[in-house]
Amino acid sequence: MNRLDNFKAGFIRENPVFALYLGLCSVLAISTTLNNAVGMGAAVIAVLTLSNVIIAAMRKITPDEIRIPVYIVVIATLVKIAELLIQAYATDLYVALGVFIPLIVVNCIILGRAEAFASKNTILDSAIDGIGMGLGYTVGLILISVIRQVLSSGIVNFSNPFTQQMIFEVRLIPQNFVIAMFSQPTGAFLTFAVIAAGVEYLRTRPAKKTKEVK
Amino acid sequence: MVKKALHFALFLAIISTLAGGALAFVNGITAPIIAENAIAAEKANLQIIFPTATSFAPLEVKDDESGLIKAAYTAQGVGIAYKVEVLGYAAPIKFLIGFADDGKIVGLSILELKDTQGIGTRVNSPEFIDGVVGKTTSDGIATLSGATVTSGAVVKGINAAKVHFNALKGIEGGTGGVVTPPLQFGASVGIFSKNAGTVVSKSVDGDVVTFIADGNGYRVLEGYDGAKANVFEIKINTVTKKVVSVKFVEMNDTAGIGDKIDAEEFWAQFIGLDITNQDSSIDVVSGATFTSESVVRALRAAIED
């Protein structure tokens, strides 16, 4: 398999959020600010890549009958490690993401890639797949978060999660014209539906007709 | 067969041991940092309530019957702060309440609040906090009209802290309980400005005539099925031409809303009202305008009878 294609698959064609509809629980719940999206995305990329690598490394010695429990143990351990690190070094992010950090364990993207990809491919390919899929998830999350944050508060900002120092803050919509509903679950569903429809169009539109040569 | 099962068990055991080892290693590094963060965060909150305090010591709370007090801290020489958790409308609410040593409430800081935006969240605004800070531990605290569940929960939590504090400091006089907010009046309405209702019956007792009269309230005007007008007992002194008293006989509007007008403060407005004066008016109860106006209709019917 072409490695570049493999890497790019996660963005549009097999974007985990908009094309495979995987891991939506956390996407809908925490996509309220850019900070949350970047933090969650980074945690998912790290866990997904590492779990793919470990599972690919063990693919020849893992008995087929008990592979799911083995995957779960590996993923749960990685998520717990990520949670402890976030709690220790980025407390604000930990508070904002709350229960959705431990819920990465049951994020179907991770178990899905372990089962569908890492258990059959080499360590390097699995790592590339993990990074690609993780980035696809993060890009989707950032897209929804920015749209919701701008519509609901008029501001888009980003602060350093380790020091709480504001890196940038831009007001795009005046205070009087914001739509507070977009910070609520309703806004998450609306935003997601519109983007998913757009991505679906991109994926399924008929390819340009090539000139027939007689 | 047995060999296969043993192989699986061993494999899972090895994986789990490795996982446990990795977790123990990371936990060893992060645990002290996390503990330090938690103390620092708590301290920052306590500092908001007692800005002058320099050191805080945890205080053990043993005899808290309510079970709402989660922690308490003594601010050296200033007062005591309680961390309280109560059940709000949607989710638990966590807050810190600070009492100065003389029993004055010096600060309320809401730490966690997930109730409805714009309704329950009103307890985390000056509207509510200013009504708490400055009172003493024996004063009652008013709930917020329209956010009764959330504010009532917070007041209940504050009272639990008060009980403990008062017992500790030997302050008598209880907690003052929960106070319902005063009625809020809306626009004035002239007593001759609405269509008259109908008089059901009347009886004369000397100078005072007692009318039983009804006036269309919200449910009738909105055309609810089977809606009935509100019925009132109105006493008018026919010599002085003044209203003696007005009270409910039957409330047929929405329960919990129409009921609002059944309060001393509302009825008091009618006592002594001059029925010959075209400009006589009363204030409607805000949030129960239609029901308030039904009284005016019934009153007009009685006057014109």
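Two residues are in contact if their C-beta atoms, placed from the backbone, lie within 7 Å. That rule is applied here to a predicted model.

## Two chains side by side

In chain A, residues 24 or more positions apart account for 78% of the contacts with a separation of 6 or more. For chain B, 60% of the contacts between residues at least 6 apart join residues at least 24 apart.

| Chain | Residues | Buried | Helices and strands |
|---|---|---|---|
| Chain A | 214 residues | 39% buried | eight helices and two strands |
| Chain B | 305 residues | 30% buried | six helices and 13 strands |

The elements of chain A follow a set order. From the N terminus they run α-α-α-α-α-α-α-β-β-α.

The two chains also touch. Chain B brings 15 residues to the contact, and chain A brings 14 residues. On the side of chain B that touches chain A, 10 residues are nonpolar and five are polar.

Look at helix 8 of chain A, residues 185–204.

## Chain A: one buried leucine

Leu34(A) belongs to helix 3 of chain A, residues 34–57. Is Leu34(A) buried or exposed? A residue is buried if 20 or more other C-beta atoms lie within 10 Å of its own. Leu34(A) has 21 C-beta neighbours inside 10 Å, so it counts as buried.

What does Leu34(A) touch, leaving out residues up to four places away in sequence? Its contacts are Ile142(A), Ser145(A), Val146(A), Gln149(A), Val156(A), Asn157(A) and Phe158(A). Arg148(A) is 114 residues from Leu34(A) in sequence. In space, the C-alpha atoms of Leu34(A) and Arg148(A) are 9.3 Å apart.

## Chain B: a sheet of four strands

Now turn to chain B. Four of its strands form an open sheet in the order 9-10-11-12, with antiparallel pairing. Strand 9 (198–205) and strand 12 (242–250) of chain B are the edge strands, and each pairs on one side only. On average, neighbouring strands of this sheet are turned by 20 degrees against each other, direction ignored.

Strands of a sheet pair through backbone hydrogen bonds, either parallel or antiparallel.

Take strand 10 (residues 208–215) and strand 11 (residues 230–237) of chain B. They run antiparallel and are joined by eight bridges. Within this pairing, Asp214(B) has Val231(B) in strand 11 as its bridge partner. Thr210(B) stands opposite Lys235(B), also in strand 11 of chain B.

Strand 11 of chain B has two faces. Asn230(B), Phe232(B), Ile234(B) and Ile236(B) make up the covered face. Val231(B), Glu233(B), Lys235(B) and Asn237(B) make up the uncovered face.

Helix 6 (residues 289–304) of chain B lies across strand 9, strand 10, strand 11 and strand 12 of chain B. Helix 6 runs at about 130 degrees to strand 10 of chain B.

## Chain B: the hairpin and its turn

Strand 11 and strand 12 of chain B pair in the antiparallel sense over seven bridges. One of the bridge pairs is Asn237(B) with Lys242(B), the latter in strand 12. The two strands form a hairpin with four residues between them.

Where is Lys241(B) found? Lys241(B) is in the loop between strand 11 and strand 12 of chain B. Its phi is near 60 degrees, a positive value in a residue other than glycine. With 13 other C-beta atoms within 10 Å, Lys241(B) is partly exposed.

Key
Residues numbered from 1 in each chain as written. Chains lettered and ligands numbered in written order. Predicted model: local features only at pLDDT ≥ 70, side-chain atom pairs only at ≥ 80, totals over all residues. Buried ≥ 20, exposed ≤ 12 C-beta atoms within 10 Å, placed from the backbone. Nonpolar A, V, L, I, M, F, W, Y, C, P; charged D, E, K, R; others polar. Pairing = 2+ DSSP bridges. Axes fitted to C-alpha atoms, helices over the stretch in contact; angles between N-to-C directions. Expected span 1.5 Å × (residues − 1).
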